[in-house]
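Please walk through this fold element by element, with the model open alongside the text.

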Amino acid sequence: MSTARRTAADAAPAEATAPRVLKKYPNRRLYDTSASTYITLADVKQMVLEGTEFEVRDAKTGDDLTRSILLQIILEEETGGAPMFTANMLAQIIRFYGHAMQGMMGSYLEKNLQTFVEMQARLADQARGLYDPKAFTPEMWAQFMSGQAPVMQGLMGNYLEQSKNLFMQMQEQMQKQTGGLIPGFPGFPPPPSQK
């Protein structure tokens, strides 16, 4: 086998796992480099729903714009009819920007969302086989859920317990960090005496 063929064969698996690169041009158009075509924000949303890994790069600078595009999709969804976030919740999130706990809150929300997704996956696993997946409508999901009250209560109890534990861990971590920064501050143990 020639070196050129071996190199191409070795590169193929790496390309298969690399995220798709989307370029954003100054005219606000998005270009999918793997499909060699312009795409819309709706196409990017579909990629998210399908679990396709991608990154959005500025066509001129190469800066990563992925978060910006994802936030645009969230904004469109929030203004499209049935918002997920209340105004109060958004205001609370905004208040954490610049706050000492900003980094911890992001981590807390991410872990909570991951726990919720895992709980949803477990429910879906239980539901699999009860209904034809093609005919699994929101109405059927509601009907299934009404019969799953004890299971749902158990799962929600576990979710809330995990959420509480995450919050307690975050609080303990912050207390340790703060105690090390300002020893002797009320509510924090005094520094260990040095002998």
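This is a predicted model: local features need pLDDT of at least 70, side-chain atom pairs count only at pLDDT 80 or more; totals for chains, interfaces and linings use all residues.

Which residues of α2 are buried? They are Leu 41, Val 44 and Met 47. Viewed down the axis of α2, the buried residues fall within an arc of 110°, so they line one face of the helix. Ala 42, Leu 49 and Glu 50, on the other side of α2, are exposed. After α2 comes Gly 51, with a positive phi near 80°.

The sheet comes next. Four strands make it up, in the order β3-β2-β1-β4; the sheet is open and its pairing is mixed. Its edge strands are β3 (37–39) and β4, each of which pairs on one side only. On average, neighbouring strands of this sheet are turned by 35° against each other, direction ignored.

Both senses of pairing can be followed from β1. Strand β1 (residues 20–24) runs parallel to β4, and five bridges join the two. In this pair, Leu 22 stands opposite Val 56 of β4. With β2, by contrast, β1 pairs in the antiparallel sense, over three bridges. Here Lys 23 has Tyr 31 in β2 as its bridge partner. The hairpin of β1 and β2 has five residues between the strands, and in this hairpin Arg 28 takes a positive phi near 75°. As a general point, side chains in a regular strand alternate between the two faces of the sheet.

How do the helices sit relative to these strands?

α3 itself has 14 residues. From its first C-alpha to its last it reaches 20 Å, close to the 20 Å expected at 1.5 Å a residue. Thr 66, Ile 69, Ile 73 and Glu 78 are its buried residues. The cover over them includes β1, β2, α2 and β4. Just after α3, Gly 81 has a positive phi of about 140°.

Which residues form the largest one? It has ten: Leu 22, Leu 30, Ile 39, Leu 41, Val 44, Met 47, Phe 54, Val 56, Ile 69 and Ile 73. Two or more of them come from each of α2 (41–50), β4 (54–58) and α3 (66–79). The largest share, three residues, is that of α2.

Val 44 shows how the parts are joined. Setting aside neighbours within four places in sequence, Val 44 is in contact with Leu 22, Leu 30, Ile 39, Phe 54, Ile 69 and Ile 73. Another core, of six residues, lies apart from the largest one; among its members are Met 104, Met 105, Tyr 108 and Leu 166.

Methods:
Residues are numbered from 1 along each chain as its sequence is written. Side-chain values use heavy atoms; hydrogens and water are left out. A nonpolar core is a set of buried Ala, Val, Leu, Ile, Met, Phe, Trp, Tyr and Cys residues joined through side-chain atoms within 4.5 Å. Buried means under 20% relative accessible area, exposed over 50%, partly exposed in between (1.4 Å probe, protein chains only). Contact means heavy atoms within 4.5 Å. Two strands pair if DSSP finds at least two bridges between them. Axes are lines fitted to C-alpha atoms, for helices over the stretch in contact, and angles run from 0 to 180 degrees between N-to-C directions. The arc is that of the directions from the helix axis to the C-beta atoms. The expected span of a helix is 1.5 Å times one less than its number of residues.
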